[in-house]
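Here is a short report on one chain of a model. Look at the sheet first, then at the helices packed around it.

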Amino acid sequence: MRKVTMWFLATIAVVVLLFSYRTSTGPDSAPSAGTVGGSSTPADRGPAGPARSGSTTVADGPVVQTKRGRVQVQAHISGGRITDITPLTVPNSNGRDREINKNAVPKLRAAALAAQSAEIDAVSGATVTSEGYTESLQAALDAAEFKAKP
Amino acid sequence: MTRRAFVEQIMGLPVSVHVRGPGADSPAAADAVAGAFAELRAMDAVFSLYRPDSQLSALNRGEPVHEPLVDEVLDLCERARQRTGGYFNAYLPEPGGGTRLDPSGLVKGWAVERAAGHLDGYEFYLNAGGDMTVSGSWRVGVEDPAQPDQLLTAVEVVDEAIATSGGAHRGAHIVNPHTGAPARGLRSVTVIGPALTWADVYATAAAAQGPQAVTWLATLPGYEALLVDDDGALLATPGWSLPA
């Protein structure tokens, strides 16, 4: 179980590194969701978690040295899934870093969670137009529940 | 659990209603949804910029209009202008001088809120082109503006509203009202909060302002935001949270 936990945290550390790198270089193209998902693939592998339903493991990750300073996260793992990620240490050397981190922290939480191929009910997005509807994720969600009108 | 989806195209947008729970399959639920769609069509008839017979088109032609709904929306637009430091402005500069009234950035959210009133008592979401109001707890994915078939994240939305605005997609170029030029700097802004009217207004205003809007968004009580800049980097207000 301890080993498994470290697996998760290693994955998170990779994500943290990715984002720390991103925020320090700015105009690079964004890592695609696929990239993030790819780095988290081990988290998706079936029954790997603590797996005791109703029990949550809280574990602190390793301290990772990044270009912008040290980063450490705490993960809550329940039923083999990461349910929350909290920053314990984030770089804080100057005002700009503080600003970046204020914003980067939710980002890494989001990315690590989204990488788990979450089940969703709806999609919020600016590109959900009539022209694009048939190819949209929302259309797929609608189709799954749609019944012809009586 | 019984769940049912309804889709219609209104206001030039796909509008999806999902209802779930014990009564979701009932004729009463279908009637309620029909009422919500009818409400949206009625508001479109008043506020459409594309219909010459709408009251809004009449107003833009300089004709007198006596319609309480129009007065209500114009009052809201003025409040929105004040709350957003002018980054939401229904009066947009025309290329040849003068202004044109376009309250559609506010009308959509406002109309969806009105339509959602028809669904009282049901657990539902009403999603109009990516902006939605939610009753009960629903898991909402936030689209990646660079790859619309991918999600940036997913959030649990409970009895709240979520709106996403962006400049990139066709037909919805957001203009910075202070300059009249197309907004720059952000691919999309997603705002969650109690009222869709305001979530949508704040998202649109932030998209018009650019990445520095995150500081302003963080001051809005009850609302949280996630922004994607032109490089794909994410910014968020400190309270932006993720579901368990």
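Two residues are in contact if their C-beta atoms, placed from the backbone, lie within 7 Å. By that rule B:Ala24 touches B:Thr2, B:Arg3, B:Arg4, B:Val19 and B:Ala29, leaving aside residues up to four places away in sequence.

This is a predicted model: local features need pLDDT of at least 70, side-chain atom pairs count only at pLDDT 80 or more, and totals for chains, interfaces and linings use all residues. Residues are numbered from 1 along each chain as its sequence is written, and chains are lettered from A and ligands numbered from 1 in the order in which they are written.

Helices (H or I, at least four residues) and strands (E, at least two) are DSSP runs, numbered from the N terminus.

B:His178 and B:Gly85 are 93 residues apart along the chain, and their C-alpha atoms are separated by 9.8 Å.

**The sheet**

Two strands pair if DSSP finds at least two bridges between them. In chain B, 8 strands form an open sheet in the order 1-2-5-6-9-10-11-12, with antiparallel pairing. Its edge strands are strand 1 (3–10) and strand 12 (234–236) of chain B, each pairing on one side only. Strand 10 of chain B pairs with strand 11 (residues 224–229) of chain B over 6 bridges, in the antiparallel sense. B:Thr190 has B:Leu226 in strand 11 of chain B as its bridge partner.

**The helices**

Axes are lines fitted to C-alpha atoms, for helices over the stretch in contact, and angles run from 0 to 180 degrees between N-to-C directions. Helix 1 of chain B lies across strand 1, strand 2 and strand 5 (123–128) of chain B, at about 20° to strand 1 of chain B. Helix 4 (residues 104–116) of chain B touches strand 5, strand 6 (131–135) and strand 9 of chain B, and makes about 25° with strand 6 of chain B.

How do helix 4 and helix 5 of chain B pack, and at what angle? Helix 4 of chain B meets helix 5 (residues 196–209) of chain B at about 160°, with axes 7 Å apart. That makes the two helices of chain B roughly antiparallel (angles over 145 degrees).

Technical notes
Angles under 35 degrees count as roughly parallel, over 145 as roughly antiparallel, 65 to 115 as roughly perpendicular and the rest as oblique.
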